[in-house]
Amino acid sequence: MSKPLKQIHLAAHFPGVNNTTVWSDPEAGSHIEFSSFAHFARTAERAKFDFLFLAEGLRLREQGGKIYDLDVVGRPDTFTVLTALAAVTEHLGLTGTINSSFNEPYEVARQFASLDHLSGGRAAWNVVTSWDAFTGENFRRGGFLAQEERYSRAKEFLATANELFDSWRGDEIVADQGTGTFLRDAKAGAFVHKGQHFDIEGQFNVPRSPQGRPVIFQAGDSDEGREFAASDADAIFSRYSTLKAGQEFYTDVKGRLAKYGRTHDQLLILPAATFVLGDTDAEAEELAREIRRQQVSGATAIKHLEFVWNRDLSAYDPDGPLPDIDPDLGEHTIARGRAQVRMYRDPLAIAREWRELAAANKWSIRDLVIETGNRQAFVGSPATVAKTINDFVQADASDGFILVPHITPGGLDVFADTVVPLLQERGVFRTEYEGTTLRDHLGLAHPDADAPGERAAS
């Protein structure tokens, strides 16, 4: 008996200015004006996507003490943008990245409960931690936590927020105008939490929201991150773009669920994916090469090399050979706030490897950065891309994808118009929304479903 077809989950990542985005393209628009967010969200909803995703940055990245030009657009506040988008969409889920290192559970729980009410049950929270003191300098506490402490705080942060969400059952509001009775229980929202990181008590002031709790996302790829996702998340991002690596990650994370009393369908695995479409596969490949060169300008290539060399390389020609000096292994990093710095644990080994590659292929600095950097995940005609996406999902390399176009705000339009209809024809992607909440879109149970007698759904 053949295995039933899995339904594909698709989401849209608003592409902030980074090495994915080609901000200099004539078709590119603002990354901070609301019209860009609204266009992007409406396209995703027209295509029947599950949700829109916003990344978050609490500080602009710097290189050599100066703001990196690819980040200069700024980072508008997540809740402000998502709340505004709730007013111009009806079905699309609204997912925001909110840091657990520099916020407080009461504040964040209140904001997400409010967003869930205002959107009619479409809120989701990507729970992240902060890894460096550079970001912490923007906050009163400053500093940073070691990795094990970051996840300890994050787990308690989420547990505390859930206690706040659950402090309202959902049946307390009577609002009987005849008797003048508003609340059935005057102690609604009461909570007490005493733990390692938080010691709070009071009354939560937002009644139970349509989803009960926001959908929870997790982005960590470390062992601690995978465990956190298996125990507490509804979805986890993945950075694996090949079928084999995707299947290994999928098997590993899903295999951790049983110890927490969870089943495979209670955690979705959603890699981020870029794409380039053309009328033919050959046209798409040629366009992809052009886009990679746009994404990696000469200045960007030098900046990227500085991540490894930890030196000012501005005097080097990006179209010339790699530096003959070795990376600086000092503790100070020239590229503050860049996650890539953490990827290069052994700069000397990376430098040797890159020099060998450059020599063997006669690559310049820019060529090397282009060839060793992240490539587009899906390149081809709409038919080719639709087949590839479906093959990944049916082979259990993912449950779907979070798509990141290289143009804002219209880069998602061509995918919505050409690939989505082909997935619908295959019977693996919805033609209409069948529910009203993000949990409905993702096939996730309401958190109250396990205890219907204890808490009425709001």
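User: Why does Y151 count as buried?
Analyst: The model is a predicted one. Buried means under 20% relative accessible area. Y151 has 10% relative accessibility, so Y151 counts as buried. Y151 lies in helix α5, residues 147-165.

User: What does Y151 touch, leaving out residues up to four places away in sequence?
Analyst: With that exclusion, Y151 touches Q218, G220, S222, E224, G225 and F228. Contact here means heavy atoms within 4.5 Å.

User: Where does UniProt place the feature "binding site"?
Analyst: The unreviewed UniProt entry puts that feature at T97, Y151 and S222. The annotation may be inferred rather than shown by experiment.

User: Is Q218 buried or exposed?
Analyst: Q218 is buried, because its relative accessible area is 3% and the cut-off for buried is under 20%. Q218 belongs to strand β11. Among the residues that Q218 touches are N126, V127, Y151 and F237. Q218 and N126 are 92 residues apart in sequence, while their C-alpha atoms are 5.6 Å apart in space.

User: How do you know that the span of helix α11 agrees with its number of residues?
Analyst: Helix α11 has 15 residues, 347-361, and at 1.5 Å a residue it should span 21 Å.

User: Which residues of α11 are buried?
Analyst: P347, I350, A351, W354 and A358 are buried in α11. Seen down the helix axis, the buried residues of α11 fall within an arc of 100 degrees, so they line one face. These buried residues pack against α9 (298-309) and α12 (365-372). The face turned away from the buried side carries the exposed residues E356, A359 and A360.

User: What is the phi of K362?
Analyst: K362 has a phi near 55 degrees, a positive value in a residue other than glycine. K362 is exposed because its relative accessible area is 74%, against a cut-off of over 50%.

User: What is the phi of D396?
Analyst: D396 is not a glycine, yet its phi is positive, about 60 degrees. D396 lies in the loop between α13 (382-394) and β17. At 25% relative accessibility, D396 counts as partly exposed.

User: Which peptide bond is cis, with omega near 0 degrees?
Analyst: The peptide bond from T408 to P409 is cis, with omega near 0 degrees. P409 is found in the loop between β17 (400-403) and α14 (413-426).

User: Why is the pair D326 and R355 called a salt bridge?
Analyst: The rule asks for a side-chain nitrogen of Lys or Arg within 4 Å of a carboxyl oxygen of Asp or Glu. For D326 and R355 the N to O distance is 3.4 Å, and their side chains meet in a salt bridge. D326 lies in the loop between α9 and β15 (335-336) and R355 in helix α11, so this pair ties together parts that are 29 residues apart in sequence. R355 is partly exposed at 25%, and D326 is partly exposed at 42%.

User: How close are the N and O atoms of E227 and R256?
Analyst: Their closest N and O atoms are 2.7 Å apart, and E227 forms a salt bridge with R256. E227 lies in helix α6 and R256 in the loop between α7 (243-255) and β13 (268-273), so the pair ties together parts that are 29 residues apart in sequence. E227 and R256 are both buried. The two also belong to a network of salt bridges linking D221, D223, R226, E227, R239, D252, R256 and K259.

User: How many salt bridges does the rule give?
Analyst: The count comes to 28 salt bridges.

Terms used: Residues numbered from 1 in each chain as written. Predicted model: local features only at pLDDT ≥ 70, side-chain atom pairs only at ≥ 80, totals over all residues. Heavy atoms only, no water. Helix = DSSP H or I, 4+ residues; strand = E, 2+ residues; numbered from the N terminus. Expected span 1.5 Å × (residues − 1). Buried < 20%, exposed > 50% of the residue type's maximum accessible area, 1.4 Å probe, protein only. Arc of directions from axis to C-beta.
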